[in-house]
Amino acid sequence: MEFNHIPVLLDECLEVLNIRPDGIYCDGTAGGAGHSREIAKRLDGEKGGRLVAIDRDPEAVKTATERLAVYPATVVRGNYSEIDEIFERLGISGADGILMDLGVSSYQLDNAERGFSYHNDAPLDMRMSGEGLSAKDVVNGYDYQSLARIIFEYGEEKFSRSIASKIVKYREQKPIETTMELAEIIKSAVPQKARREKNPCKKTFQAIRIEVNKELEHLNIALDKAFDCLNVGGRLCIITFHSLEDRLVKQRFQSFCKGCICPPDFPQCICGRTPRGKLVNRKPIEADEKELAENNRSRSAKLRVIEKIKD
């Protein structure tokens, strides 16, 4: 299957990144190189322009390497939470723009063998890197309390306890091995009304995927590291697809923009703290009607942008 992924909010990303031909840029989630290729097209290698494209998925790395071969770009297999180490290895002191398009790619969702989708039967996997803990390990190995917590916190699923209970009961008879097995268990655990309104599997599958790939932990680390890796005047652009990611990004951006942290009853500032960043857009940028019509998966996308104003 070809690695196809329609880059979300592409024009908006290219605009807010403020790309200079001689600048250094990083795409922390290269995927099928949709965003990466358009950034790289605007760079002049002879003037020092360079793109670093990072992805943890070996299939994405292979595809991005092929698609970026003619541009001033370097493709690295790794996690965006390792951006500082990757820059150090490449001899890069700072970036003028960093983009992160979070979540799962269209290719990963549509490729049934990867085990991300509840629409197709496949082995339970969901590993973006193809290594380590799998969805099968989580579903069959975690105790009831852990499953209920993950499904509630990462999936924001109000029927989390019922779903966790059904999973534990089912696996007493045999291991849960496929996506369709898990989907049927989830459906049996929620009221009929909820099943009629929308597919009840979405939230639980999201929760397990986040746990398998430690997505929020990596994002939490990456936000600080990526901002530190920016040159003054550089911009960090992050596209989120669910409220947990967006809340984390929003709050961290606010902290970068915060000045004095002295108690309010202090007569004058003694901490000396000043803002390190400024928000480029007060509200998140969302897809317009044209993009929504062409790519339904852009519906939940939110782009937040911050500019570094001091080290």
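1. In this note a cavity is a set of grid points where a 1.4 Å probe fits but cannot get out. The model under review is predicted. By this definition the structure holds two cavities of 30 Å³ or more.

2. The largest cavity has a volume of about 340 Å³. Its lining comprises 28 residues, and those nearest its centre are Thr 29, Gly 31, Asp 55, Asp 101 and Gly 103. Helix H2 (34–41) and strand E2 (50–55) are the elements that give two or more residues to this lining. Sorted by class, the lining of the largest cavity has 12 polar, nine nonpolar and seven charged residues.

3. The second largest cavity holds about 40 Å³ of space. Its lining consists of Tyr 80, Leu 102, Ile 210, Glu 215, Leu 216, Leu 219, His 242 and Glu 245. Helix H12 (residues 215–229) supplies the largest share of that lining, three residues. Five of the lining residues are nonpolar, one is polar and two are charged.

4. The largest pocket contains about 910 Å³ of space. It is lined by 31 residues, of which Val 104, Leu 109, Lys 202, Arg 209 and Ser 300 are the closest to its centre. Two or more residues of the lining come from each of helix H5 (106–110), H11 and helix H13 (243–256). H11 gives the most, with five residues. The lining of the largest pocket divides into 13 polar, 10 nonpolar and eight charged residues.

5. Which residues have the most contacts inside the largest nonpolar core? They are Ile 167, Leu 182, Phe 205 and Ile 208, in a core of 35 residues. At least two residues of this core come from each of helix H6 (135–141), helix H7 (144–155), helix H8 (160–171), helix H9 (179–189) and helix H11 (201–213). H11 gives the most to this core, namely six residues. Another core lies apart from it; this one has 28 residues, including Cys 26, Val 76, Ile 92 and Phe 227. As general background, nonpolar side chains tend to be buried together in soluble globular proteins.

6. When its neighbours within four places in sequence are left aside, Ile 208 is in contact with Met 126, Ala 135, Val 138, Val 139 and Leu 182.

7. Arg 50 belongs to strand E2. With a relative accessible area of 24%, Arg 50 is partly exposed. Neighbours within four places in sequence aside, Arg 50 is in contact with Gly 23, Ile 24, Tyr 25, Leu 43, Pro 72, Thr 74, Leu 90 and Ile 92.

8. How many disulfides does a search of the whole structure find? The search finds zero. A disulfide requires a pair of cysteine sulfur atoms within 2.5 Å. For Cys 262, the closest cysteine sulfur is that of Cys 260, at 3.7 Å, which is too far for a bond. The sulfur of Cys 269 likewise has its closest cysteine sulfur in Cys 260, at 3.7 Å, and that is too far for a bond. Cys 262 is buried, with a relative accessible area of 15%, whereas Cys 269 is partly exposed at 40%.

Conventions. Residues are numbered from 1 along each chain as its sequence is written. This is a predicted model: local features need pLDDT of at least 70, side-chain atom pairs count only at pLDDT 80 or more; totals for chains, interfaces and linings use all residues. Side-chain values use heavy atoms; hydrogens and water are left out. A nonpolar core is a set of buried Ala, Val, Leu, Ile, Met, Phe, Trp, Tyr and Cys residues joined through side-chain atoms within 4.5 Å. Buried means under 20% relative accessible area, exposed over 50%, partly exposed in between (1.4 Å probe, protein chains only). Helices (H or I, at least four residues) and strands (E, at least two) are DSSP runs, numbered from the N terminus. Contact means heavy atoms within 4.5 Å. On a 1 Å grid over the protein atoms alone, a cavity is a set of points where a 1.4 Å probe fits but cannot get out, and a pocket is an open set with protein on both sides within 12 Å along at least five of seven lines; lining residues have an atom within 4 Å of a point. Grid points are joined across faces, edges and corners, and a volume is the space filled by probe spheres set on the points. Ala, Val, Leu, Ile, Met, Phe, Trp, Tyr, Cys and Pro count as nonpolar, Asp, Glu, Lys and Arg as charged, and the others, Gly among them, as polar.
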